[in-house]
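Reader: I'd like to learn how to read a model like this one feature by feature. Could you walk me through it?

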Amino acid sequence: MSTKTSTIERNSSARAREVKSVLSKALTKSEWSDKDEFLDVVYWARQVVGILIGVAWGIVPLKGFIALFLFVAINCGIVYLYCINFQGVDEEAYGGVWELMKEGFMTSFACFLVTWIIFYTGLHFDSLVRE
């Protein structure tokens, strides 16, 4: 039992070091030798951006096509600026700009919609009932 526990502790500490390493590479301009690692960073960053925009749109309150269009524009713009300007990756190495733009987009859109609906409904329920 003791060896099992120490193996689990070693694996979790190695994983924590790996996550810290990837996070530090994501926050600084780095050379990405593993393409999948960079795409994972783009995927998870996009999820965070989707949730943050959902909270903002729920608080503001934005609704309708304008809110959806702004989400797409801001989300894609942030990812593009991060990939091309901040990290300086060659988009052709990843299959072109379109491949970077669609990495995790639909999942981010779903996170955005859920967060937006929850915050909008929770904060503006009284005005929804009166309409």
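**Reading the model, feature by feature**

Author: Ile-66 is exposed, with a relative accessible area of 56%; here buried means under 20% relative accessible area, exposed over 50% and partly exposed in between, using a 1.4 Å probe and protein chains only. This is a predicted model, so to speak of local features we need pLDDT of at least 70, side-chain atom pairs count only at pLDDT 80 or more, and totals for chains, interfaces and linings use all residues. Numbering runs from 1 along each chain as its sequence is written, and side-chain values use heavy atoms, with hydrogens and water left out.

Reader: Okay, what does the secondary structure of the chain come to?

Author: Helices (H or I, at least four residues) and strands (E, at least two) are DSSP runs, numbered from the N terminus. For this chain you get six helices and zero strands, in the order α-α-α-α-α-α along the sequence.

Reader: And which helix holds Ile-66?

Author: Ile-66 sits in helix H3, residues 65-86. Ile-66 also belongs to a nonpolar surface patch with Phe-65, Phe-69, Leu-70, Ile-74 and Ile-78, and together they have about 600 Å² of accessible area. Patches take residues with over 30% relative accessible area and no salt bridge, joining nonpolar side chains (Val, Leu, Ile, Met, Phe, Trp, Tyr) within 5 Å and like charges within 9 Å. The areas come from the Shrake-Rupley method with a 1.4 Å probe, and for residues only the protein chains shown count as cover.

Reader: Which residues of H3 are buried?

Author: First the general idea: an α-helix has 3.6 residues a turn, so residues three or four places apart point the same way. In H3, the buried ones are Ala-67, Phe-71, Asn-75, Val-79, Tyr-82, Cys-83 and Ile-84. Gly-77, also in H3, counts as partly exposed at 27% relative accessibility. Gly-77 is 24 residues from Met-101 in sequence, with their C-alpha atoms 9.0 Å apart in space. After H3 comes Gly-88, with a positive phi near 70°.

Reader: How do I check a helix's length against its residue count?

Author: The expected span is 1.5 Å times one less than the number of residues. Take H2, residues 35-59: its 25 residues should span 36 Å, and its end C-alpha atoms are 36 Å apart, which agrees. H3 has 22 residues and reaches 30 Å from first C-alpha to last, close to the 32 Å expected.

Reader: What does a side-chain oxygen of Asp-34 reach at the start of H2?

Author: A side-chain oxygen of Asp-34 comes within 3.3 Å of the backbone nitrogen of Asp-36. A polar contact is a pair of N or O atoms within 3.5 Å; within protein, one must be able to donate a hydrogen and the other to accept it, and residues adjacent in sequence count only if both atoms are side-chain atoms.

Reader: What about His-124: buried or exposed?

Author: His-124 is buried, at 17% relative accessibility. His-124 lies in the loop between helix H5 (105-123) and helix H6 (125-130), and its side chain reaches the backbone oxygen of Gly-58 at 3.0 Å. Contact means heavy atoms within 4.5 Å; not counting residues up to four places away in sequence, His-124 touches Gly-58, Ile-59 and Pro-61.

Reader: Which residues does Thr-115 contact, leaving aside its neighbours within four places?

Author: Thr-115 is in contact with Ile-51, Gly-54 and Val-55, once those neighbours are set aside. Thr-115 is in helix H5 and counts as buried at 12% relative accessibility. Ile-51 lies in H2 and is partly exposed at 37%. Ile-51 and Val-114 are 63 residues apart in sequence, yet 8.5 Å apart in space, C-alpha to C-alpha. For the chain as a whole, residues 24 or more positions apart account for 74% of the contacts with a separation of 6 or more.

Reader: How many salt bridges does the structure hold?

Author: Side chains of opposite charge can pair when their charged atoms come close. The cut-off is a side-chain nitrogen of Lys or Arg within 4 Å of a carboxyl oxygen of Asp or Glu. The structure holds one: Glu-99 with Lys-102, the closest N and O atoms being 3.4 Å apart. Both lie in helix H4 (residues 97-102), three residues apart, about one turn of the helix. Glu-99 is partly exposed at 32%, and Lys-102 is partly exposed at 42%.
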